[in-house]
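Dear colleague,

Please find below the structure that I am handing over to you.

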Amino acid sequence: MASALINVPATAKRGDIIEIKTLMSHIMETGFRHTVTGEVIPRNIITNFTCRYNGDEVFRADLFPAFSANPFISFFTIATESGKFEFQWIGDNGFQETASASITVT
């Protein structure tokens with residue numbers, strides 16, 4: 001089962017540039033490997049990651065088979081107001097995971 005680790009500062013000053021870090025536990029099978037009997041192991045990857053800050057999209061990434069297992073994504077945004085970051089991962093085989101974190105801006 002997938003699980004997300006999120007690192008968002010609990011507080012920041014208005015206008016501060018803050019770093020957001022995410023780690024999703026996922027095998028990320030490329031679809032290029034074969035079993036010992038020669039069968040193709042079906043692709044199973046996260047294809048899209050999105051972060052919204054108080055409903056506004058602040059970061060998006062499309063992921064491809066060459067991306068590592070347990071993808072770690074780090075990015076920066078500006079702390080504009082107190083509120084919530086919402087994270088969403090979408091992938092093959094109906095995979096979908098969400099997480100959220102709050103921030104207080106002074």
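**Salt bridges**

R60 is partly exposed, with a relative accessible area of 43%. Please bear in mind that the model is a predicted one, and that the values in this message are computed from it.

The side chain of R60 takes part in a salt bridge with E57, in which the closest N and O atoms lie 2.8 Å apart. E57 also meets the side chain of R52 in a salt bridge, at 3.7 Å from N to O. Through these shared partners, R52, E57 and R60 are joined into one network. E57 has a relative accessible area of 38% and is partly exposed; R52, at 33%, is partly exposed as well.

A search of the whole structure finds four salt bridges. Another of them links R33 to E29, with 2.9 Å between the closest N and O atoms. Is E29 buried or exposed? E29 is buried, because its relative accessible area is 10% and the cut-off for a buried residue is under 20%.

Three strands make up an open sheet in the order 1-3-6, and their pairing is antiparallel. Strand 1 (4-7) and strand 6 (72-78) stand at the edges; each has a single partner strand, so one side of each is left without a neighbour in the sheet. On average, neighbouring strands of this sheet are turned by 15 degrees against each other, direction ignored.

In general, the strands of a sheet pair through backbone hydrogen bonds, either parallel or antiparallel. Here, strand 1 and strand 3 (residues 17-24) run antiparallel and are joined by four bridges. Within this pair, L5 stands opposite L23 of strand 3. Strand 3 also pairs with strand 6, again in the antiparallel sense, over seven bridges. There, I20 has F75 of strand 6 as its bridge partner.

Yours sincerely

Note on methods:
Residues are numbered from 1 along each chain as its sequence is written. This is a predicted model: local features need pLDDT of at least 70, side-chain atom pairs count only at pLDDT 80 or more; totals for chains, interfaces and linings use all residues. Side-chain values use heavy atoms; hydrogens and water are left out. Two strands pair if DSSP finds at least two bridges between them. Helices (H or I, at least four residues) and strands (E, at least two) are DSSP runs, numbered from the N terminus. Axes are lines fitted to C-alpha atoms, for helices over the stretch in contact, and angles run from 0 to 180 degrees between N-to-C directions. Buried means under 20% relative accessible area, exposed over 50%, partly exposed in between (1.4 Å probe, protein chains only).
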